[in-house]
Amino acid sequence: MADKLRITLVKSTIGAIPKHRKTVEALGLRKLNKTVELPDNPAIRGMVQQVRHLVKVEEI
């Protein structure tokens, strides 16, 4: 596993179900095309897996 993950919101949450909206916000993503760097751990991986259709993930 990498040290960190770079997560970018690439699709709007407007049509997403409320649970996915809350997950995206919990990742720290507020606006489209914004990027956050988070530690690579099972909790973050699980959140990313849930909203994988809305985000782009890079290992850094």
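The largest nonpolar core has 14 residues. By nonpolar core I mean a set of buried Ala, Val, Leu, Ile, Met, Phe, Trp, Tyr and Cys residues joined through side-chain atoms within 4.5 Å, where buried means under 20% relative accessible area with a 1.4 Å probe, protein chains only. The residues with the most contacts inside this core are Ile7, Leu27, Leu29, Ile44, Leu54 and Val55. Two or more residues each come from β1 (4–9), β2 (35–39) and α2 (42–50), and β1 gives the most, with three residues.

This is a predicted model: local features need pLDDT of at least 70, side-chain atom pairs count only at pLDDT 80 or more, and totals for chains, interfaces and linings use all residues. Residues are numbered from 1 along each chain as its sequence is written, and side-chain values use heavy atoms, with hydrogens and water left out.

Leu54 is in contact, that is, has heavy atoms within 4.5 Å, with residues including Thr8, Leu9, Val10 and Val24, leaving aside those up to four places away in sequence.

Let me turn to the whole chain. From the N terminus, its elements run β-α-β-α-β; helices (H or I, at least four residues) and strands (E, at least two) are DSSP runs, numbered from the N terminus. Buried residues make up 32% of the 60 residues. Among contacts between residues at least 6 apart in sequence, 72% join residues at least 24 apart. The C-alpha atoms fill a box of roughly 30 × 20 × 15 Å along the principal axes.

Methods
Buried < 20%, exposed > 50% of the residue type's maximum accessible area, 1.4 Å probe, protein only.
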